[in-house]
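Here is a short briefing for a reader who is new to this structure. Look over the sequence and the model first, then read on.

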Amino acid sequence: MAPRLRTLLLVFLSLAVAACTPAGSPSPTASEQPSISAAPSAAAHSVYPLTLTDDAGRSVTIPAAPTRIVSLAPSNTEIVCALDACKDLVGVTDFDDYPAQVASVTHVVIGGTVDVEKVAAAQPQLIVAAGNELTPSAVIDQLAQLGFPVLSLYPHTLDEVSDDILLVGRAIDAQAGATQLVASMRARAGALVAAVGSAERPRVFYEVGVFEGTIYTAGKDSFLASLITLAGGDPITGDPASTSIQLEDLIAADPQLILLGDAAYDSTITPASVAARSGWGGMTAVVDGKIIVMADDLVITRPGPRIVDGLEALARAIHPDLVP
Amino acid sequence: MRAAAAATTGRLAVGPSLTRTAIVLGGGAIVLGVAMVVAVAVGSVGVSIGDTAAILGHRLLGLPIPRTWSVGAEQIIFDVRLPRVLTAMLVGGGLALAGTVFQALLRNPMADPYIIGTAAGASLGAIAGLMAPILVPALAIGAGSSWLGLGVVQVLAFAGGLGTVLLVYAVSRTNGRVPVVTLLLTGYAVSSVLAAGVALLMFFSGQRLGAIFGWLMGSLANARWLNLAFAAPLLAISGALLVVRWRRLNLLLLGDEPASHLGLDVEREKLALTMLATLATSTVVAISGTIGFVGLVVPHLLRLAIGPDHRLLLPASILFGASLLALADLGARLAGGVPVGIVTALIGAPFFIYLLRRSRDLSRGAVA
């Protein structure tokens, strides 16, 4: 029971990041327009010592091209590996599951807690942390004080995921790979957005989780809400801070489509069980039987290189006729 | 009754024999030393005892030892573990001392260092600090979050704890006196109001809920040399001023009126003791959050073992409180970094019940 509970908690926490990251907050790498920006300039090699500004606005100096990297979030691990630096990872979280080869890397984050001793023992030349307190800011401070360069990533939109990939590319001298990856992500995302762009936008409710009667969904102006918008939906959002929505507000918003992110982890949540919930029966989505299990929840809510897969899964669920 | 009280007073005013003092405090110092060595030497990453000793000798004593250990080992021992163990000892000692004082001062066996509002005030302050980047967006970026090198969280927790007790004390004062019952009830009422504020902030905390929760449970994960430099002098001063007041605490155990008949300026003394104990508690809470149990139980355990005389009880509570928390925090670290408050309650409380059941001397051990 305990491990399962812990896993659920972790799942919920990682979902909560995506669900409650406010898109409106200031961010140095922010560019508010979703989808396609100009292609990045020609790839170059990084020159060390290299000083970068991370998503928390911190100035980070990396003395030499890092060959020992610690990642403190699954999304960061995916970025590092997508830039062909998986072999340089010397520490990851116990929640990391992609790509498969990270299974053999030492866990320095266990049960959501960063083990600072294990990070220090790994002597990383770069630590890639997660913003919005997924990596507690006190831990980021402590690691920086120990003299390790800590790059904190906190993307608010799909476009900022690309910016973060480019940032990591500069940090680990993989700019060519980063530019190529971002170009292909932007091309795919652009095609998806174009395919669903002119269609009618159904009101979409994405269920992140229901705990003790409190319904968690995409927060107002959150990453998840922006992703649903890009996928051609009109997201029904919750409070930006708590990311919860009250049942009567949900009933009033009357979703035309219900997407069950939590069903990917909890087999007791099914379209039938949702339809049978007290008070849910009158919603258009329930009446029309438009309740869909989102098996791809992980890639939808993990701001890494596979986020476009998540966008595609959302677009397919919302507009099955337009996205094959 | 009066004769008995006078006899007790006589015994308590003279204090225990020198041998007994030497045994208890010497034993406590040895236990503390062993706890420190074990807590520094053991952790989630293995560093050999030899390397640990060499690193400490090199960094603390400046011994010219050739560097055979890795940079990582040195960082782990000197920058991660040592400040954490020392913080645990300061916090444990401070809480046990303040708990002993409050139990005697309020003549209440349920009293702990937080009882008249320190915990609620410090929690509200700390959580407001944790939420500051959300409440005041200008603080969200880097340097804005520290003040005099300390975090906003520590400063607000310290001010919140101290301010709340000042308020409670002022409200409880009637005709120049502060009746113990009024103080307890006012503390409870003010705490309830502040707790509602804490709950409200938690509801809107979003992703920061984890950090808030960890703070409320009490954790030493944020221990730094810098925090120690802030806390150690404040604790040394308040601790020393409390320990020298042992005779007055013994008198207060008799009750306000008998103590006053024996020549004690009771109201002045209660104010001094409350403020000193609150200063110690607020300092400790600022660097560790609200760690429960230590401040409640260590004084009781020691009273069961060595009796109620504060001459011995006060220094012993510092030594054993420090040892207990250093070892409890070692347990917390080895259990994957769970908040230390969980370890103290989970292991300490059943042990306490066992001792209570075993003790035939309960009536003497408990505070009246």
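The points below cover confidence, chain A, one of its sheets, and a surface patch on chain B.

This is a predicted model. Its scores are ipTM 0.75 and pTM 0.80. Chain A is described by its make-up and by a three-stranded sheet, chain B by its confidence and by a nonpolar patch.

**Confidence in chain B**

- Chain B has a mean pLDDT of 85. A value of 70 or more is reached by 88% of its residues.
- Which elements of chain B have the lowest and the highest mean pLDDT? Strand β1 of chain B, residues 146-147, is the lowest at 42. Helix α14 of chain B, residues 310-334, is the highest at 95.
- Residues 140-149 of chain B have pLDDT below 50. In the model, this stretch makes 13 contacts beyond near neighbours in sequence.
- Residues 1-7 of chain B also stay under 50 in pLDDT. The model gives them one contact beyond four places in sequence.

**Chain A as a whole**

- Chain A holds twelve helices and 15 strands.
- It has 324 residues, and 55% of them count as buried.
- Take the contacts in chain A with a separation of 6 or more: 65% of them join residues 24 or more positions apart.
- The accessible surface of chain A is about 12900 Å². Carbon and sulfur atoms account for 57% of that surface.

**A three-stranded sheet in chain A**

- Strands of chain A form an open sheet in the order β10-β11-β13, and the pairing is antiparallel.
- Strands β10 (209-211) and β13 (244-245) of chain A are at the edges. Each has a single partner strand, so one side of each lacks a neighbour in the sheet.
- Three bridges link β10(A) to strand β11 of chain A, residues 214-216, in the antiparallel sense.
- A:F211 sits opposite A:T214 of β11(A).
- In general, the strands of a sheet pair through backbone hydrogen bonds.

**A nonpolar patch on chain B**

- Helices α2 (18-41) and α14 of chain B each supply at least two residues of the patch.
- Which helix gives the largest share? That is α2(B), with three residues.
- B:V34 lies in helix α2 of chain B. Is B:V34 buried or partly exposed? B:V34 is partly exposed, because its relative accessible area is 49%.

Conventions. Residues are numbered from 1 along each chain as its sequence is written. Chains are lettered from A and ligands numbered from 1 in the order in which they are written. This is a predicted model: local features need pLDDT of at least 70, side-chain atom pairs count only at pLDDT 80 or more; totals for chains, interfaces and linings use all residues. Side-chain values use heavy atoms; hydrogens and water are left out. Two strands pair if DSSP finds at least two bridges between them. Helices (H or I, at least four residues) and strands (E, at least two) are DSSP runs, numbered from the N terminus. pLDDT is the predictor's confidence in each residue, from 0 to 100. Contact means heavy atoms within 4.5 Å. Buried means under 20% relative accessible area, exposed over 50%, partly exposed in between (1.4 Å probe, protein chains only). Accessible areas come from the Shrake-Rupley method with a 1.4 Å probe; for residues, only the protein chains shown count as cover. Patches are made of residues with over 30% relative accessible area and no salt bridge: like charges are joined within 9 Å, nonpolar side chains (Val, Leu, Ile, Met, Phe, Trp, Tyr) within 5 Å. A salt bridge is a side-chain nitrogen of Lys or Arg within 4 Å of a carboxyl oxygen of Asp or Glu.
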